Amino acid sequence: MSRTKEEFVPQEPGKVKMYVCGPTVYDYIHIGNARPVIFFDTVRGYLEQTGHDVNYVVNFTDVDDKLIRKAEQLGTDVPHVAEKFIAAYYEDLEGLGIPKASSNPRVTENMPLIIDFIRELVEKGFAYENGGDVYYRTGKFSEYGKLSKQNLQELQFGIRVGVDERKEHPEDFVLWKAAKPGEIYWSSPWGDGRPGWHIECSAMAREYLGDTLDIHGGGQDLQFPHHECECAQSEVLTGKPLANYWMHNGFIRIDNEKMSKSLGNGVLVKDLRNQYKREAIRYFMLSTHYRNPLNFTDDTMEQAQNSVDRIANAVGNLNHRLNAVTVDQDITAEFAARLDQIRQQYHEKMQDDFNTPDAITAMFEWAGEANQLLQQEVVNAADIRALLELFSELNAVLRIYTDAEPELLDEEVERLIEERVEARKSKNWARADEIRDELSARGILLEDTAQGMRWRRK
């Protein structure tokens with residue numbers, strides 16, 4: 001609201017109420033939807049890491065014009081469309097390594113409280129009914145435009161065509177839409193219909209988190225009109241700020257072009273997950289500050305993949321070396337100080353408006369320390385453990401590395417590895433290289449180290 005960075009002080013010490021506008025579930029989510037999903041999960045994770053109990057609410061818009069059109073296209077009804085794409089959303093969340101929110105309220109499951117909210121607005125004179133539709137009187141809320149910094153008179157001049165004649169003023173927005181023949185509907189004091197888009201979040205935020213949120217988040221495109229309208233609806237009823245802190249992430253462009261259906265350049269998360277590791281997707285999303293625009297290209301994704309592979313290799317090499325070391329002494333004060341400096345860098349950057357790109361830089365500082373240690377002939381086990389413990393702290397929130405469970409090789413691959421070992425013993429280098437290349441083609445990478453052969457999946 002103030003367009004400045006402010007110290008975060010929750011209303012109740014140690015507890016955070018965070019509401020982030022979720023998807024309209026009429027299709028699979030694209031990478032534009034994925035950015036707030038990944039970023040605000042990171043916000044939640046860091047707040048929890050620093051000792052806060054976070055009540056994190058992300059809503060589902062499961063009735064809407066888009067769902068109605070999709071149901072017609074698929075020859076089904078709105079609830080079936082919603083169920084299909086809510087399931088797909090959860091599948092994408094799992095594929096990105098993101099836990100579910102504290103709650104995911106749905107519009108259709110909260111219709112009575114939405115209708116009651118509208119009734120309160122009508123009774124207080126902030127809303128009016130006309131022809132079965134109910135509209136909000138923006139002129140009665142003197143602060144309309146304060147979040148997006150837009151002037152109401154300028155907004156009026158900007159509205160030229162297509163104004164609904166049932167509105168008292170062109171900038172008034174709909175709270176309840178009368179149902180058309182054949183459409184899904186709910187009964188209300190103003191007739192059969194369904195809620196407008198903006199009212200649902202005001203009603204559910206108040207129901208699940210109270211009158212004032214600690215943090216309200218979403219994409220930059222939601223600042224106006226969606227969040228502006230939420231302020232207008234909620235604050236005239238409660239007399240309190242809707243949120244103490246607002247956070248909006250920037251847009252994603254595709255090859256330096258705006259992502260849009262007309263250009264057909266959207267990238268679905270489910271397709272992206274088939275092409276890249278989830279750690280690379282997370283790295284890409286977090287490698288630019290959340291308020292800045294982000295440009296998606298094949299090159300940036302390849303760079304992200306290479307970066308997470310570098311981190312993973314450092315972790316894997318440390319774990320592998322730890323199994324072979326025999327020296328185990330206390331770490332030196334100098335080494336402990338270098339690790340504390342990396343830890344401090346990470347926390348300073350995360351506490352500076354969640355500066356994830358610089359927090360990731362701290363992880364590469366860590367990788368540099370790891371690689372430098374591994375170059376030594378004699379390595380102290382305590383040094384390795386200290387590095388791995390620090391990495392766990394840095395990675396707990398950013399999660400650009402996943403400690404995957406060891407996978408069992410099938411019998412054929414086991415046989416090939418054993419054959420390669422024998423080929424090397426008999427100095428049949430050609431056959432050993434041939435087997436290595438065959439295993440590589442199957443996604444198995446072999447590494448010959450001083451401590452013996454190790455393998456990992458691509």
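These are legends for a set of close-up views of a predicted model. Local features need pLDDT of at least 70 and side-chain atom pairs count only at pLDDT 80 or more, while totals for chains, interfaces and linings use all residues. Residues are numbered from 1 along each chain as its sequence is written, and side-chain values use heavy atoms, with hydrogens and water left out.

**View 1. The annotated binding site.** UniProt, in an unreviewed entry, puts a "binding site" feature at Cys21, Cys201, His226 and Glu230. These residues are spread over 210 residues of sequence, yet they cluster in space, with a largest C-alpha distance of 11.2 Å. A caveat on the record: its positions follow the numbering used here, feature names are shortened, and annotations may be inferred rather than shown by experiment. Cys201 is in helix H6 (residues 197-209) and His226 is in helix H7 (residues 223-238). Helices here are DSSP runs of H or I with at least four residues, strands are runs of E with at least two, and both are numbered from the N terminus.

View 2. Buried means under 20% relative accessible area, exposed means over 50%, and partly exposed is in between (1.4 Å probe, protein chains only). Skipping neighbours within four places in sequence, Cys201 is in contact (heavy atoms within 4.5 Å) with Tyr19, Cys21, Asn59, His226 and Glu230. With residues up to four places away left out, His226 touches Cys21, Trp197, His198 and Cys201.

**View 3. Rings around Tyr46.** The whole structure holds 19 aromatic pairs. Tyr46 and Tyr346 have ring centres 6.1 Å apart and planes at 75°, so they pair edge-to-face. Rings of Phe, Tyr and Trp (its six-membered ring) pair if their centres lie within 6.5 Å; planes under 30 degrees apart are stacked, over 60 edge-to-face and the rest tilted. Tyr46 sits in helix H1 (residues 31-49) and Tyr346 in helix H11 (residues 333-351), so this pair ties together parts 300 residues apart in sequence. Tyr46 is buried at 3% relative accessibility, and Tyr346 is buried at 0%. Tyr46 also pairs edge-to-face with Phe354, with centres 6.3 Å apart and planes at 90°. Phe354 lies in the loop between H11 and helix H12 (356-374), so that pair ties together parts 308 residues apart in sequence. One aromatic cluster takes in Phe39, Phe40, Tyr46, Tyr290, Tyr346 and Phe354.

**View 4. Lysines over rings.** The charged end of Lys140 sits over the ring of Phe126, 4.7 Å from its centre. Lys270 does likewise over Tyr28, with its charged end 4.8 Å from the ring centre. To qualify, NZ of Lys or CZ of Arg must be within 6 Å of the ring centre and within 35 degrees of the ring normal.

**View 5. Salt bridges.** A search of the whole structure turns up 34 salt bridges, each a side-chain nitrogen of Lys or Arg within 4 Å of a carboxyl oxygen of Asp or Glu. Arg44 bridges to Asp41, with the closest N and O atoms 2.9 Å apart, and both residues are buried. They are three residues apart in helix H1, so about one helical turn separates them. Arg338 forms a salt bridge with Glu369, the closest N and O atoms being 2.8 Å apart. Arg338 is in helix H11 and Glu369 in helix H12, so the pair ties together parts 31 residues apart in sequence. Salt bridges with shared partners also join Asp41, Arg44, Arg282 and Arg399 into one network.
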